[in-house]
Amino acid sequence: MTENCIFCRIISGGAATELLYQDAQVTAFRDRTPAAPVHVLIVPNRHIPSLSDTAESDEALLGHILTVASRVAREMNIAESGYRVVANTGPNAGQTVFHLHFHLMGGQPLGGLRR
Ligand code: 5GP
Ligand code: ZN
């Protein structure tokens, strides 16, 4: 738990945010400003600022986050229609919350990656 980190507070149950999934390593909850009909954030329970702060020792955790993303996608009924998993990292990606999180988005066509 890191002071003043909103995601740490959500993980520990100290914020009025419904948890969609939680286990010993990760937590999933809805993004408060959804960019798609389904927009879930999947985060490690341990405070890691960004993907740039991970190391080889985090490989199991990072892999687990992706399998949880797949599980939540199935539970939200977007596994067949498709979805996108994104981890904004640093200034050029527009990262705004510095507790590592993976966006899981779907429920409508998401457009391409090129602009
Ligand atoms: P980033 O821009 O860092 O990749 O994504 C941060 C995301 O966290 C944004 O999509 C934003 O809407 C979401 N977010 C920020 N604060 C809160 C909060 O207090 N609760 C929830 N559920 N989502 C939040
Ligand atoms: Zn945190």
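**Entry 1: A60**

I began with A60 and found it in helix α2, residues 59-75. Helices here are DSSP runs (H or I) of at least four residues, and strands are E runs of at least two, numbered from the N terminus. I noted that the model is predicted: local features need pLDDT of at least 70, side-chain atom pairs count only at pLDDT 80 or more, and totals for chains, interfaces and linings use all residues. Residues count from 1 along each chain as its sequence is written, chains are lettered from A and ligands numbered from 1 in written order, and side-chain values use heavy atoms, leaving out hydrogens and water.

Is A60 buried or exposed? A60 is exposed, at 63% relative accessible area. The cut-offs are under 20% for buried and over 50% for exposed, with partly exposed in between (1.4 Å probe, protein chains only). I also looked up T17, which is 43 residues from A60 along the chain. Their C-alpha atoms are separated by 26 Å.

**Entry 2: T89**

I went on to T89, in the loop between β4 and β5 (102-106). T89 is partly exposed, at 26% relative accessibility. I then checked T89 against S50, 39 residues away in sequence. From C-alpha to C-alpha, T89 and S50 are 6.1 Å apart in space.

**Entry 3: the zinc ion**

Which protein atoms are the donors of the zinc ion (ligand 2)? I listed SG of C5, SG of C8, ND1 of H47 and ND1 of H99. They lie 2.0 to 2.3 Å from the zinc ion. Donors are N, O or S atoms within 2.8 Å of the metal (3.2 Å for Na, K and Ca). Along the chain, the zinc donors follow the spacing C-x2-C-x38-H-x51-H.

I looked up the angles among the four donor atoms, and they run from 105 to 115°. The zinc site is tetrahedral, a label that asks for four donors with all angles between 85 and 135 degrees.

The structure holds zero.

**Entry 4: F7 and F29**

How many aromatic pairs does a search of the whole structure find? I got one. It joins F7 and F29, edge-to-face, with 5.3 Å from centre to centre and 70° between the planes. Rings pair if their centres lie within 6.5 Å, and planes over 60 degrees apart count as edge-to-face. F7 lies in helix α1 (residues 6-11) and F29 in strand β2 (residues 26-30), so the pair ties together parts 22 residues apart in sequence. F7 is buried, at 7% relative accessible area. F29 is buried as well, at 2%.

**Entry 5: the sheet**

I traced an open sheet of five strands, with antiparallel pairing and the order β1-β2-β3-β5-β4. Two strands pair if DSSP finds at least two bridges between them. The edge strands, β1 (19-22) and β4 (83-86), each pair on one side only. Which residue stands opposite Q22 in β2? I found T27 there.

Technical notes. Four donors count as tetrahedral if all angles lie between 85 and 135 degrees; four count as square planar and six as octahedral if opposite donors are over 155 degrees apart and all others between 65 and 115; anything else is irregular. Rings of Phe, Tyr and Trp (its six-membered ring) pair if their centres lie within 6.5 Å; planes under 30 degrees apart count as stacked, over 60 as edge-to-face and the rest as tilted. A disulfide is a pair of cysteine sulfur atoms within 2.5 Å.
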